[in-house]
Amino acid sequence: MAISWLSALKVVPWDKVIEHAPGVLDKARSLIDKHRGAAAPGSETSAVQETEALPSLEELNSRSMALQKQLQEQSAVQQSMAQTMTELAEQQAGLIAMVKRLQSQLKWLLAGAVLVLTGCVVLLTIK
C-alpha cells in the first residue's frame, strides 16, 4: 500500500503545484472577501420570529452583545488565518526561487564534473 502512495506522490508535478500556490491563495482570498460581503447584508435581513413570548429588552441586549463578541472573535481568527496564508505564500515563493537556483547550480556542477572526468580520461589516454 505504501508503494502505491509513493508512486502516486512521484507522479504529482510538485514544481507546478508550488508555482501556482500563490495564485490559488489570491483566488481563495477573493472568494472569502466575496463571501464576507455577501453574508453581511443577509444577516441584517434575517430575523428570528418567535411566536410565543417576545424577549425582554435586556435579554435582546445581552444576545446582541454576545453575537457582537462572537463576530469580533471570528473576524480576528479570519484575519490571522489570512495573514498566515500570506506568509505561507511568501515562503513558497522563496522556496521556488531557491529550488530554481539549486537546479541551476546542479547543472553547472554536473557540467564541471563531466569536464573534469573528460580531462582525466584525456590525461590517462595520453600517458
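Glutamate 59 is partly exposed, with a relative accessible area of 35%. Here buried means under 20% relative accessible area, exposed over 50%, and partly exposed in between (1.4 Å probe, protein chains only). The model is a predicted one; local features need pLDDT of at least 70, side-chain atom pairs count only at pLDDT 80 or more, and totals for chains, interfaces and linings use all residues. Residues are numbered from 1 along each chain as its sequence is written, and side-chain values use heavy atoms, with hydrogens and water left out.

Glutamate 59 belongs to helix H3. Its partner in a salt bridge is arginine 63, with the closest N and O atoms 2.8 Å apart. A salt bridge is taken as a side-chain nitrogen of Lys or Arg within 4 Å of a carboxyl oxygen of Asp or Glu. Because arginine 63 and glutamate 59 are four residues apart in helix H3, about one helical turn separates them. Arginine 63 is also partly exposed, at 37% relative accessibility. The side chains of glutamate 59 and arginine 63 are joined by a polar contact of 2.8 Å. Such a contact is a pair of N or O atoms within 3.5 Å; within protein, one must be able to donate a hydrogen and the other to accept it, and residues adjacent in sequence count only if both atoms are side-chain atoms.

The count of salt bridges comes to two. Aspartate 26 and arginine 29 form one of them, with 3.6 Å between the closest N and O atoms. Both residues lie in helix H2, three residues apart, about one turn of the helix. Aspartate 26 is partly exposed at a relative accessible area of 45%. Arginine 29 is partly exposed at 25%.

Helix H2 spans residues 14-45 and includes isoleucine 18. This residue is partly exposed, with a relative accessible area of 32%. Together with Trp14 and Val17, Ile18 forms a nonpolar surface patch with about 260 Å² of accessible area. Patches are made of residues with over 30% relative accessible area and no salt bridge; like charges are joined within 9 Å, and nonpolar side chains (Val, Leu, Ile, Met, Phe, Trp, Tyr) within 5 Å.

The chain has three helices and zero strands. Its elements run α-α-α from the N terminus. Helices (H or I, at least four residues) and strands (E, at least two) are DSSP runs, numbered from the N terminus. Of the 127 residues, 3% count as buried. The accessible surface is about 11,500 Å², and 68% of it belongs to carbon and sulfur atoms. Areas come from the Shrake-Rupley method with a 1.4 Å probe; for residues, only the protein chains shown count as cover.

Mean pLDDT, the predictor's confidence in each residue from 0 to 100, is 81 for the chain, and 84% of residues reach 70 or more. Confidence is lowest in helix H1 (residues 2-11), at a mean of 68, and highest in helix H3 (residues 57-126), at 91. Over residues 42-51, pLDDT stays under 50, and the model has two contacts beyond four places in sequence for them. Contact means heavy atoms within 4.5 Å. Where pLDDT is low, the predicted coordinates should not be read in detail.
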